[in-house]
Amino acid sequence: MTEENITRINLNGKELILIGTAHVSKQSAEQVKEVIERERPDSVCIELDEQRYQSVMDSNKWREMDIFKVIKEKKATLLLMNLAISSFQNRLAKQFDIKPGQEMIQGIESAKETGANLVLADRNIQITFSRIWHNIGLSGKAQLLSAIFLSIFSKDTISEEDLEKMKSQDTLNTILAEFTKSFPKLKTPLIDERDQYLAQKIKDAPGDKVVAVLGAAHIPGIKVEIYKEHDLEVLSQKPPKSIVPKIIGWAIPLLIISVIAYTFFANPSAGFDQALSWILWNGTLAAIGAAVAFGHPLAILSAFIAAPITSLYPLLAAGWVSGIVQAYIRRPNVGDFETLSEDVFTIKGFWDNKVTRILLVVVLTNLGSTLGTIIGGTEVIRVFLKSF
């Protein structure tokens with residue numbers, strides 16, 4: 001058996017065997033099987049959290065999704081990012097005729113076959129995304145989404161040589177490699193904190209011999225962090241929400257309403273122009289967003305009507321309204337959920353599948369409404385200054 005991509009650590013009487021893998025490598029899966037069967041460990045740690053473990057084990061998970069709940073809980077963007085990253089991994093897996101995450105599946109199966117404890121060693125992916133989102137600014141968020149989607153829909157194929165290089169980067173890291181150069185803060189929640197979390201879970205795993213199946217990007221960090229103690233509760237905390245966005249979110253609508261009301265009182269004609277500009281910019285750009293997502297005409301209309309109102313009430317968003325309308329009129333069926341993992345493989349599939357189209361309606365309507373608020377608000381102030 002080759003020891004390539006295997007790291008052995010002896011710590012406090014425990015033998016820790018780390019297997020560095022590429023998440024779409026058939027050779028990695030075969031090595032995982034070989035190592036676990038030979039070593040007969042007490043525990044097998046895999047780089048999955050409970051959510052991703054359930055996704056791997058339950059092939060019918062999409063059928064159980066409540067799309068209305070996703071919209072109401074403000075998780076449309078998060079779900080769209082998860083689907084986008086999943087589609088990138090599926091594209092690689094399809095090219096090399098293997099299951100995505102096959103080495104993790106093999107780790108699960110081999111743990112059962114050998115009677116080893118199975119340890120889900122990675123941090124909840126939503127916590128990781130929350131901490132990433134907290135670490136980058138508005139422009140960073142836009143670049144992050146762009147980087148992910150451009151990588152997904154690239155038609156370039158990946159060579160066997162490139163695939164082997166992926167053994168030093170997990171899937172998410174591969175997509176964001178260039179992005180982390182521009183935004184070094186991204187590396188902390190994406191790599192460093194997860195290295196600490198994984199290291200603690202591995203050394204806390206039951207038994208004297210532990211095998212850990214990991215994306216090889218984490219191996220160097222874990223080799224350092226394994227000798228330190230880490231507080232998993234601290235690493236699992238969502239970042240505190242800043243009060244500044246909330247203050248701005250309420251201050252801007254109050255300013256707009258105050259300016260328009262005062263202008264109406266002092267100069268009704270100018271006040272009418274302000275109100276019309278606000279409605280047209282907000283409504284039109286939100287409706288364009290819904291239309292770009294190929295939303296139903298009533299969803300587009302609801303975006304136009306809702307945006308000027310929801311922009312003045314931070315607890316609501318135009319995308320939620322248009323998304324719910326889209327979901328009621330074009331309710332996804334079982335077939336849409338069953339083909340979801342394949343449909344997100346292409347741009348056409350993203351727009352054709354009723355599930356992802358609803359998510360796109362929500363996200364693009366909100367984007368249009370945000371632009372409308374900026375432009376419409378600027379126009380309101382311009383008319384006010386011009387009139388007085």
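Colleague: Which backbone oxygen lies 2.6 Å from a polar atom of the Thr263 side chain?

Modeller: A polar contact is a pair of N or O atoms within 3.5 Å; within protein, one must be able to donate a hydrogen and the other to accept it, and residues adjacent in sequence count only if both atoms are side-chain atoms. Here the backbone oxygen belongs to Val259. This is a predicted model: local features need pLDDT of at least 70, side-chain atom pairs count only at pLDDT 80 or more, and totals for chains, interfaces and linings use all residues. Residues are numbered from 1 along each chain as its sequence is written, and side-chain values use heavy atoms, without hydrogens or water.

Colleague: Where is Thr263 found, and is Thr263 buried or exposed?

Modeller: Helices (H or I, at least four residues) and strands (E, at least two) are DSSP runs, numbered from the N terminus. Thr263 is in helix 13, residues 243-266. Buried means under 20% relative accessible area, exposed over 50%, partly exposed in between (1.4 Å probe, protein chains only). Thr263 has a relative accessible area of 0%, so it is buried.

Colleague: At what angle do helix 13 and helix 20 pack?

Modeller: Axes are lines fitted to C-alpha atoms, for helices over the stretch in contact, and angles run from 0 to 180 degrees between N-to-C directions. Helix 13 and helix 20 (residues 354-387) pack at about 35°, with axes 10 Å apart. Contact means heavy atoms within 4.5 Å. Helix 13 supplies Ile256, Val259, Ile260, Tyr262 and Thr263; helix 20 supplies Gly377, Val380, Ile381 and Phe384.

Colleague: Which residues is Gln274 in contact with, leaving aside its neighbours within four places in sequence?

Modeller: Val259, Ile260, Thr263, Val380, Val383 and Phe384. Gln274 lies in helix 14, residues 268-292. Its relative accessibility is 0%, so Gln274 counts as buried.

Colleague: Now charges. How many salt bridges does a search of the whole structure find?

Modeller: Side chains of opposite charge can pair when their charged atoms come close. A salt bridge is a side-chain nitrogen of Lys or Arg within 4 Å of a carboxyl oxygen of Asp or Glu. The search finds 13. In one of them, Asp122 pairs with Arg194, closest N and O atoms 3.0 Å apart. Asp122 sits in the loop between strand 4 (117-120) and helix 6 (125-135), Arg194 in helix 10 (residues 187-203), 72 residues apart. Both are buried.

Colleague: Which residues are linked with Asp122 and Arg194 in a network of salt bridges?

Modeller: Glu47, Asp49 and Arg52. Arg52 bridges to Asp49 at 2.9 Å between the closest N and O atoms. The Arg194 side chain also makes a polar contact with the side chain of His218, at 3.5 Å.
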